[in-house]
Amino acid sequence: MRKWGSACLAGLLLMLTLSACTSGNAANNDVVQLEFFQNKPEAKASFDELVAKFNEQHPNIVVTQVNPPDAETVLKTRVVKNDVPDIIGLGATDTYSLLAQSGIFLNLTGDPLLQKVEPKYVQMLNDVTGMQEVTGVPFALNASGVIYNKDIFQKLGLSVPKTWDELIATAKKAKAGGTIPFYFTYKDDWQTNLPFNDMGGSLVGIDFYKERRENQTTFQAAYQEVAKKQLELLNYGHNDNFGKNYADGNRAFGNGEAAMYIQGSWAISEIRKVNPDINLGFFPLPASDDESQNKLTAGVDTLLTISSQTKHPEEAKQFIAFLLEPANSQQYIDQQNLFSAVDGVQQKDESVSGLLPYFEQGKIVDFVDHYIPSAVQLNPTVQAFLQNKDINGFLSTLDKEWDKVAARRAS
């Protein structure tokens, strides 16, 4: 009897254990697992906070952030392997355009999520892709222009320039006052592209790229003024424009070594790491002498997409809706020194207050390099041009590389 009882007891315990495991698995199966893949390493900590907050509020959904080095290359590899993350955050660039046209993103045209964001930023996505369908939700924007040291401006009696001639006059006054006018960091080729973006948007515009796709125009015909003015800016740099990189520039500017810094809003937090008390301002680079023609360069820094293959589209939309809530959007742009695509959410940092009227009045233009295929190798091409100063060779190279990429994509 004792042996039989022990056997029964052991059997009962085994049944209870199996039952508990089965119940646990059933419970786990009720929890939706979502992968959130995003391409900005500097934003990982900010998104970690928001993901943790979402997971706490949604016990039946677990979002996991993935942010690998060289994220866009990793993403393209995963797409080829048919392993597309549930939710993807990336910029509104040529990479997004190619992926959108391949059909890997959920069609969000008419989705209520889009009602929470400014329509003009949704239009930017359509312009980049050339598609009528909307496959992403704009979340955050960045801006490019001229960061300036307010204390240096006050000391030298400088005012914020509104036209190209005023910008050059300001640079000359700074130079005469013994201050470096612009701190260039052209050891990094992507830095050489910043003035190209700012001036290309105002002087040439985005419609150029639609026409270029249809072979109705060329860089040689449209970008002469941009190239000449970018060369002119080099006269007002320092003695080692091609020997300093982005980190060097942030450090030097933070230490008050220059009056102006042609840069993006993303640099503000880096400059403040060097000097938390620095008195910064920001204005659009005025490329034209017609003040009404000058616009702020601003584009979609992060958009949110959903895989067309995800098994949980509704839960993915819940996560995006959470990110779009005003408090969460505000938290993100405050931490990242960005601007919100969410209607009614504003960046309140004093350093960028001068840019707000441009957003409010719609006087913004997208980054022109968002429309240039990455295979064109724009950054090293601009860098080489600024060193050899061959304008026709530079623009001819852009046209040739554009045509090569277009021919490959058409075949």
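Me: What should I look at before anything else?

Reply: Begin with confidence. This is a predicted model, and the mean pLDDT of the protein is 92, with 93% of the residues reaching 70 or more.

Me: Over which residues does pLDDT stay under 50?

Reply: Where pLDDT is low, the predicted coordinates should not be read in detail. Here that applies to residues 1-27, where pLDDT stays under 50. For this stretch the model has zero contacts beyond four places in sequence.

Me: How many helices and strands are there in the protein?

Reply: The protein has 18 helices and ten strands. Its C-alpha atoms fill a box of roughly 105 × 55 × 40 Å along the principal axes. Of the 411 residues, 52% are buried.

Me: How do I read contacts along the sequence?

Reply: Take contacts between residues at least 6 apart in sequence, and ask what share joins residues at least 24 apart. In this protein that share is 78%.

Me: Is Leu-280 buried or exposed?

Reply: Buried means under 20% relative accessible area. Leu-280 is buried because its relative accessible area is 4%. Leu-280 belongs to strand E7, residues 280-283. Leaving out residues up to four places away in sequence, Leu-280 touches Ile-147, Tyr-148, Lys-150, Phe-253, Ile-268, Ile-271 and Ser-351. Between Leu-280 and Met-260 there are 20 residues of sequence separation and 9.8 Å in space, C-alpha to C-alpha.

Me: What about Asp-48: what is its relative accessible area?

Reply: Asp-48 has a relative accessible area of 32%, so it counts as partly exposed. Asp-48 sits in helix H2. From Asp-48 to Gly-254 the separation is 206 residues in sequence and 28 Å in space, C-alpha to C-alpha.

Me: Which residues touch the most other members of the largest nonpolar core?

Reply: The largest nonpolar core here has 50 residues, and Phe-182, Phe-196, Tyr-209, Phe-219, Tyr-223, Leu-233 and Met-260 touch the most other members. Helix H18 gives the largest share of this core, six residues. Tyr-209 shows what such a position looks like: beyond four places in sequence, Tyr-209 touches Phe-196, Phe-219, Tyr-223, Val-368, Tyr-371, Ile-372 and Trp-402. There is also a second, separate core of 44 residues, which includes Phe-105, Leu-296, Leu-303 and Leu-356.

Me: How do I read a pocket?

Reply: Ask for its volume, then its lining, then the classes of residue in that lining. The largest pocket holds about 1,600 Å³ of space. Its lining has 43 residues, with Asn-39, Glu-72, Thr-93, Trp-190 and Asp-301 nearest the centre. Among the elements that give two or more residues to this lining are helix H2 (44-57), helix H3 (71-80), helix H8 (189-203) and strand E8 (296-306). By class, the lining has 17 nonpolar, 16 polar and ten charged residues.

Me: And which residues lie closest to the centre of the second largest pocket?

Reply: The second largest pocket has about 390 Å³ of space. It is lined by 19 residues, and Arg-213, Pro-373, Trp-402, Ala-406 and Arg-409 are the closest to its centre. H18 provides the largest share of the lining, five residues. The classes here are seven nonpolar, five polar and seven charged.

Me: How many cavities of 30 Å³ or more does a search of the whole structure find?

Reply: A cavity differs from a pocket in that the probe cannot get out. The search finds one cavity of 30 Å³ or more, and the largest cavity has a volume of about 40 Å³. The residues lining it are Tyr-183, Phe-184, Thr-185, Tyr-186, Gln-191, Leu-194, Pro-195 and Ile-262. Six of these are nonpolar, two are polar and none is charged. H8 gives the largest share of this lining, three residues.

Me: Which backbone angles deserve a look?

Reply: Asp-70 has a positive phi of about 50 degrees and lies in the loop between strand E2 (61-66) and H3. Asp-70 counts as exposed because its relative accessibility is 54%. Lys-389 has a positive phi of about 60 degrees, and its place is the loop between H17 and H18.

Definitions and conventions
Residues numbered from 1 in each chain as written. Predicted model: local features only at pLDDT ≥ 70, side-chain atom pairs only at ≥ 80, totals over all residues. Heavy atoms only, no water. 1 Å grid on protein atoms, 1.4 Å probe; cavity = no way out; pocket = protein on both sides within 12 Å on 5 of 7 lines; lining within 4 Å. Points joined across faces, edges and corners; volume = space filled by probe spheres on them. Helix = DSSP H or I, 4+ residues; strand = E, 2+ residues; numbered from the N terminus. Nonpolar A, V, L, I, M, F, W, Y, C, P; charged D, E, K, R; others polar. pLDDT = per-residue confidence, 0-100. Contact = heavy atoms within 4.5 Å. Core = buried A, V, L, I, M, F, W, Y, C linked by side-chain atoms within 4.5 Å. Buried < 20%, exposed > 50% of the residue type's maximum accessible area, 1.4 Å probe, protein only.
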